[in-house]
Amino acid sequence: MLGFDDNMVADAIKTDSFVDKGEQFKGWGIAIGRFDPKPDSNGETDFNQQVATLITRSDPDETLVQIHTVGSDFKLVFSHSFKVSPNVLYTSRPKLSAPLQVGDLQGRSLRLGPPTKIKMSGHIQPSMVLGVPPMHVGYMRKSRGDEPRVVNVSVVPTNPHSTAEVKDFSATYNFATSDATKSTSTSTVGSTASTKESVSGKASYGVPDIASVSIEFKASLEQTKSNTAETGNSFTTSRDTKERATTGLGDLVWFTPKDFYTYVYPVLGHYVCPVSKTDCTEAEKQPMQVQYSGPDDYESSISEASKVIMVMNGENMEWYQPVHEPGNILTYPWNLSVLKSRFPRNAILATPNPAKQTPGESSQTIGSTWSNTQSQSQSVAAKSTNSYSTSLSVAAEVGFDGIGASLKAGLDVSGSKSLATLETGNVTLAENSGIEVGIPALDSSKVWSISAFSYNLSNYIFGQTPPVGTISSAPLEPVSGVSTSGILSAHFTAEATDLNWFDAYNLPDVALNHPARWDWDADTLEISINPPGMGEIPTSRFHAMRGLFVTQPSSEAVTPDLLAASGPNLTVLKPGEPVAVLTRVYNTSLAAFEAGTIKVRFFGQEFDGTSPACRKTPQPANCHFIGKSFELGTASLSATDLPPYPSGDMENATTENWQFASQLWNTEPDAGKPAYGCGPLGSKVSCAGKELVFWVLVWAEDTAGKLQAEMVGHGLTKVPSDDLNDITAVPLETVKSEDGSTVSYSNNVGFYNQSYYVCKKADECDETSDAFAATRQKSAAVSLNQIGFDQASALRNDSVGIRASINTSGQPLKPANVFFYDDDPRNSDAMPFDHEYIPFVPSNSSYRTLSRFRPKRCGTRDVHVVVSSAGRAPLHGTASIEVSIDAMKELEKLGAEINDSDLLQRDKAGLLTSVESVRTLISEGKERRARSLLGDLAKTPERLSQVPAEFTGRLERRVNMIASCL
């Protein structure tokens with residue numbers, strides 16, 4: 001016999017028993033298959049192929065079959081033999097057939113048909129989430145009888161000048177080692193079984209009754225997957241995680257953009273019951289399929305030495321859409337039952353230590369206790385599956401790719417639940433004691449108002465149980481630590497306990513989720529709202545919303561559980577296919593609505609990233625918008641569907657203070673559906689070939705159709721008109737701020753800054769089509785240029801626009817991930833401040849993407865732009881801007897802070913005199929002497945008596961900031 005090594009070099013093989021080349025032994029046949037291998041000493045069965053040899057021997061005469069396994073070095077290893085006959089059956093070689101044949105007499109082997117290939121383009125899902133601790137800020141009354149104003153209860157997310165008096169209010173994993181290589185994220189292959197049926201002309205791959213799938217078949221499927229993963233195929237990549245990252249004013253999310261491929265093979269002649277009807281009849285059984293999958297990770301790092309999984313603040317990623325809103329504890333779950341209901345298939349891994357903690361005027365640190373052991377430090381491993389959570393994943397599209405072209409009718413994504421059982425990767429964390437939550441000392445008189453608005457918080461770490469239909473059961477290392485499945489998450493509960501909450505939130509407040517409303521200045525410990533007029537609508541942090549979803553419609557009711565398993569938020573739509581547009585609507589108050597109706601109006605807006613108007617200098621406002629907005633429809637909820645944040649027995653309250661509203665829509669006009677299409681009601685304008693964005697408007701009406709009163713400054717001035725077609729024309733309620741300016745705190749309108757592309761024709765985006773295949777024959781090139789700011793300079797903490805052009809030739813780009821950094825991305829601790837997900841860039845075009853930069857430091861600031869896409873090295877470019885301050889305005893704020901302090905009058909006078917001297921020096925152009933005097937001013941409180949430590953810290957931070965910018 002000849003064997004071959006991994007370089008295909010032939011080598012003569014001798015079996016252990018067949019050692020004599022003489023007449024005693026003769027070989028007559030060889031066959032390959034699986035011949036009932038016996039379990040090993042650990043009870044494991046080897047499902048690899050074996051080699052059988054047919055031999056005869058003389059003295060004594062007999063005919064034998066020897067069974068050999070194939071070693072890792074491709075050598076044959078004798079396993080066992082059995083006697084076929086006590087006689088020598090062969091003395092000359094048969095001429096017409098080989099004497100040793102293989103067959104399956106018991107019908108246990110599976111014959112597979114040709115595969116169908118499914119591609120999930122540009123898929124992103126979290127591998128790990130670290131939730132931001134519950135903090136609160138709002139425009140409300142601080143106490144009964146007060147006028148409403150901005151009240152910062154407890155927001156202090158990041159503090160680069162952290163001291164014993166003022167720490168971060170943040171969370172981080174508490175690792176026992178600083179060795180980053182101890183924590184990794186690995187992409188890998190997956191396997192599963194499924195059913196197949198046709199739903200409205202589309203192929204749907206459902207979940208089978210796993211109990212009816214044989215144990216041997218499951219093991220064989222797992223072994224085949226294991227062999228694929230172990231051979232070093234291109235699907236498997238390992239990346240270090242930035243596990244020591246700390247939350248800011250938003251959740252931290254770890255993720256890797258990728259294309260996700262699945263090969264589906266029919267199992268010929270085999271049928272199985274679906275999981276929804278395990279006792280089905282023979283006629284109800286569906287064809288059985290096997291699936292193998294693997295990711296093709298995008299390379300998002302421009303440093304060869306930095307293979308790092310992406311980690312970002314969740315508020316800066318449109319696709320990450322949890323229920324809670326950072327900075328608003330009235331959107332957080334108030335007990336563990338409510339928290340668990342937001343995360344299907346949850347599995348609690350660690351509980352808070354202590355069980356509850358109340359932020360206050362002294363700093364605290366709370367931790368976690370792992371549920372499986374009393375050991376303080378544990379390593380953690382999580383096996384990820386392909387997320388079907390619409391809230392936590394995005395893809396350009398999901399469809400057939402190249403193979404299986406006969407299935408041109410399309411794929412039923414929401415019905416193909418078996419895709420959610422495919423393994424995508426593993427996350428392992430070095431030994432840690434769970435998350436550590438730092439709670440700062442919150443001064444109740446000057447900056448924060450925690451004493452008037454107390455609340456409890458608790459932290460939990462959890463994974464997920466495997467989805468129904470999961471076959472893969474191989475344990476993850478470390479088996480002695482904590483093992484789980486799904487997304488590794490750390491989240492919080494928050495329980496408002498003080499009666500002042502009822503006085504402050506004494507009117508209802510219909511709201512959308514706005515995670516980026518507030519801006520925190522760590523140098524001055526100031527928080528302010530991002531006003532409506534700050535920049536263009538697509539990058540307006542006032543309008544930016546989360547909780548809007550575009551999915552394939554389903555006949556099932558829209559519930560949190562359904563949305564958690566409807567497939568990723570799809571951003572490439574095919575013309576003529578119906579879509580369901582959904583949004584979350586909240587009552588972020590402790591007061592109930594009157595009897596009436598909650599109105600939820602959905603709007604579309606044509607958006608053109610390639611618009612020539614955006615290449616003009618200066619660029620016109622909202623240059624990407626084409627024409628006016630158009631209404632998709634208005635949904636209604638009963639006022640009782642949005643109860644207030646609970647009071648009383650909060651441990652047992654389970655009814656959430658938010659609800660889904662949905663609208664069925666189609667990209668093509670329909671005579672019977674006036675809102676269908678992309679134009680005014682009844683205009684019959686097709687959306688084909690257009691790029692779209694969506695926005696939502698909510699309000700409450702009483703039974704007479706009049707506007708219900710809401711929290712002061714939070715609502716609208718009137719019921720919106722039916723012909724409203726411009727988001728800037730929404731009648732927002734405004735109030736006078738403390739500095740005399742007019743500002744709105746309305747949370748009734750939200751713009752979802754994620755574009756959706758509608759294909760010109762179905763085959764433009766169908767990768768099995770001849771039209772798409774033709775583009776693959778063309779040379780492809782992608783470039784990044786024209787990176788620049790909307791202005792040459794900016795004041796510190798001002799919001800300034802930055803743009804970049806992505807240019808394509810030959811082929812379209814689908815999709816592109818654009819990351820914006822305020823630090824060199826080659827630095828290991830650099831984290832993007834924005835992520836734009838562009839689903840489709842047409843061929844031979846220039847796409848202008850935009851973001852906003854809010855510099856916190858003076859001087860020349862560089863912003864780096866990185867474009868990541870499938871099969872290409874990342875593109876990288878930079879732009880610079882000069883950042884300064886309005887020194888006189890900052891000195892005015894400094895003087896006001898001194899005047900508002902509790903210092904003795906003589907001490908105030910001395911400090912104010914120094915401030916005035918600095919003002920004079922700056923006006924005379926003597927910045928160097930001004931910086932020196934500011935340095936003395938920062939140290940002055942140390943020489944004074946009866947000065948609160950927190951005032952000393954705040955004064956020093958503001959003075960140092962001014963000095964650094966002169």
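**A tour of charged pairs and a surface patch**

Begin by selecting E284 and K277, which form a salt bridge whose closest N and O atoms are 2.7 Å apart. Bear in mind throughout that this is a predicted model. E284 counts as partly exposed because its relative accessibility is 32%, and K277 counts as partly exposed at 36%.

Next, select R601 and D722, another salt bridge, with the closest N and O atoms 3.4 Å apart. This pair links distant parts of the chain, since R601 belongs to strand 36 (residues 596-607) while D722 sits in the loop between strand 39 (691-702) and strand 40 (735-736), 121 residues apart. R601 counts as buried at 6% relative accessibility, whereas D722 is exposed, with a relative accessible area of 63%.

Move on to E897 and R958, which form a salt bridge with their closest N and O atoms 2.9 Å apart. E897 lies in helix 6 (residues 887-899) and R958 in helix 9 (residues 949-964), so the pair ties together parts that are 61 residues apart in sequence. Both E897 and R958 are buried.

Now select E325, in the loop between strand 20 (310-313) and helix 2 (336-341). Although buried, E325 has no salt bridge, and R517, the nearest side chain of opposite charge, is 7.1 Å away. A polar atom of the E325 side chain does lie 2.8 Å from the backbone nitrogen of H514.

Finish at F82, V84 and L89, a nonpolar surface patch with about 270 Å² of accessible area together. F82 lies in strand 6 (residues 76-85).

Definitions and conventions
Residues numbered from 1 in each chain as written. Predicted model: local features only at pLDDT ≥ 70, side-chain atom pairs only at ≥ 80, totals over all residues. Heavy atoms only, no water. Helix = DSSP H or I, 4+ residues; strand = E, 2+ residues; numbered from the N terminus. Buried < 20%, exposed > 50% of the residue type's maximum accessible area, 1.4 Å probe, protein only. Lys, Arg positive; Asp, Glu negative; His and termini not counted. Salt bridge = Lys/Arg side-chain N within 4 Å of Asp/Glu carboxyl O. Polar contact = N/O pair within 3.5 Å; in protein donor to acceptor, adjacent residues only side chain to side chain. Patch = residues over 30% accessible without salt bridge, like charges linked within 9 Å, V, L, I, M, F, W, Y side chains within 5 Å. Areas by Shrake-Rupley, 256 points an atom, 1.4 Å probe, with all protein chains shown as cover.
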